[in-house]
Amino acid sequence: MAYYYMEPSRTFSEFLLLPNLSTKDCTPANVDLKTPIVKFKRGEEPDISLNIPFASAVMQSVSDHNMAVALARSGGIAFIFGSQPIEEQAAMVRKAKSYKAGFVVSRSNLTPSHTLKDVLDLKEETGHSTVAVTDDGTPKGKLVGIVTSRDYRISRDSLDKPVHEFMTPFSSLIYGNSGISLPEANDLIWEHKLNCLPIVDSQQNLDFLVFRKDYDAHKENPQELLDINKSYIVGAGINTKDYEERVPALVEAGVDVLVIDSSDGFSEWQRDTLQYVKSNFNVKIGAGNIVDREGFLYLVESGADFIKVGVGGGSICITREQKGIGRGQASALIEVVEARNKYFEETGIYIPICSDGGIVHDYHITLALAMGADFVMMGRYFARFDESPTRKLKVGNNFVKEFWGEGSNRARNWQRYDTGGKQGLVFEEGVDSYVPYAGGLQENLDKTNSKIKSTMCNCGAKTIEELQRKARITIVSATSIIEGGAHDVILKESNLSGE
């Protein structure tokens with residue numbers, strides 16, 4: 001006979017946090033939102049942590065290289081969508097990894113015999129205005145000059161003009177020697193008022209480039225999520241069908257973290273994928289989605305570095321309507337966290353949990369963290385911003401952005417569904433929609449982080465781990481939900497219009 005869960009399947013909106021004593025040092029300025037994203041042993045530090053507990057969803061309408069850069073700059077991580085050709089996804093990873101760094105391996109290179117047209121074509125392709133000129137046109141060749149936009153005038157110079165006629169030659173360059181530290185390189189940049197400092201070895205071979213803009217960007221964004229090479233940390237989604245071709249390409253492109261993207265992760269296909277990645281590559285990988293203890297243990301024992309929780313709770317997901325399968329996000333998270341904590345007690349290995357879906361209001365994020373999630377993954381939240389890859393449109397009197405699910409026909413993402421074989425969707429599990437346009441990511445994320453930190457102070461917690469230990473959470477009734485909003489008053493016009 002079937003097993004019945006007699007406790008209702010609950011959502012975040014059915015819970016509230018109770019305040020604890022707020023001590024005088026418990027202020028938003030003292031709250032640290034750093035959180036692990038990959039598993040680690042008791043007493044050790046995780047290989048990768050987030051500076052804020054945010055990940056953007058593995059979706060065409062949310063996470064491309066631009067979102068990866070914007071979110072890593074703020075301290076979170078984007079998982080670049082996998083429902084695209086392998087080479088295009090790998091190219092997005094490369095773009096994000098090369099966008100910000102201390103010592104950058106030059107990605108725009110030409111020889112002295114190339115032309116101005118080649119320079120302009122390369123700039124159009126890469127977006128880079130600085131081109132290293134090496135004897136053989138490779139990133140590590142002998143440096144003979146540099147070309148920037150100040151070295152030519154499109155209105156006057158012929159497109160077939162050779163690079164050696166207008167480049168700044170090596171003899172006129174200020175450069176650093178291999179082995180120089182980043183602070184020393186930045187000192188040279190400031191001392192000589194440079195935008196770019198080449199680093200060369202004793203044979204004049206180009207090692208790296210150091211850019212002024214990277215120094216400025218780091219000062220403006222102290223929460224940046226960087227790897228040991230000062231490049232942004234970037235994630236990518238994969239499926240359980242073409243992983244043997246996709247994963248090598250993503251690893252070669254420099255991806256830091258992978259995640260298997262599926263509407264239901266409790267499957268042998270995910271175990272096969274995890275074991276392939278763990279056996280062949282030194283890269284972190286998460287798995288999911290699951291909603292209970294059994295799914296958690298299966299994927300952890302298969303090698304997952306973090307677990308994604310949530311089936312059917314996304315704003316554009318209609319899995320529950322179509323298939324009658326899923327679970328309220330709060331109920332799923334509570335059970336999985338309990339299993340995770342028990343696993344940690346027994347093994348000494350901590351498995352981070354990502355709560356994916358079911359977040360409608362900002363306070364739901366804080367609730368998810370208090371319930372034991374280490375970070376949250378969101379689609380609708382990030383789809384609203386300038387940095388998402390979709391079109392900004394005007395519908396009626398309002399600006400909106402397009403937002404569609406990976407389970408919709410528009411996504412054409414049949415590989416996401418672990419049913420094997422047929423290359424197409426028999427029915428949809430996602431919708432095609434709009435979300436209200438909200439402007440830039442940074443200002444919105446700052447506001448959300450402020451809410452989270454303020455609520456954590458109300459709970460007497462200065463870290464996420466402390467919040468998880470101290471949080472007191474109550475179930476609310478339908479009438480108390482009404483009581484929690486504006487009621488029994490006549491709102492003014494400005495309130496009704498949302499101003």
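Modeller: Buried means under 20% relative accessible area, exposed means over 50%, and partly exposed lies in between, with a 1.4 Å probe and protein chains only. This is a predicted model, where local features need pLDDT of at least 70, side-chain atom pairs count only at pLDDT 80 or more, and totals for chains, interfaces and linings use all residues. Residues are numbered from 1 along each chain as its sequence is written, and side-chain values use heavy atoms, with hydrogens and water left out.

A salt bridge here is a side-chain nitrogen of Lys or Arg within 4 Å of a carboxyl oxygen of Asp or Glu. The count comes to 19 salt bridges. Helices (H or I, at least four residues) and strands (E, at least two) are DSSP runs, numbered from the N terminus.

Take K451 and D362. Their closest N and O atoms are 3.1 Å apart, in a salt bridge. K451 sits in helix α14 and D362 in helix α12 (residues 362–370), so this pair links parts of the chain 89 residues apart. D362 is buried at 17% relative accessible area. K451 is partly exposed at 42%.

Now K462 and D25. Their side chains form a salt bridge at 2.6 Å, N to O. K462 lies in the loop between α14 (441–458) and α15 (464–470), and D25 in the loop between β1 (15–18) and β2 (35–36), so the pair ties together parts 437 residues apart in sequence. Both are partly exposed: K462 has a relative accessible area of 26%, and D25 has 36%.
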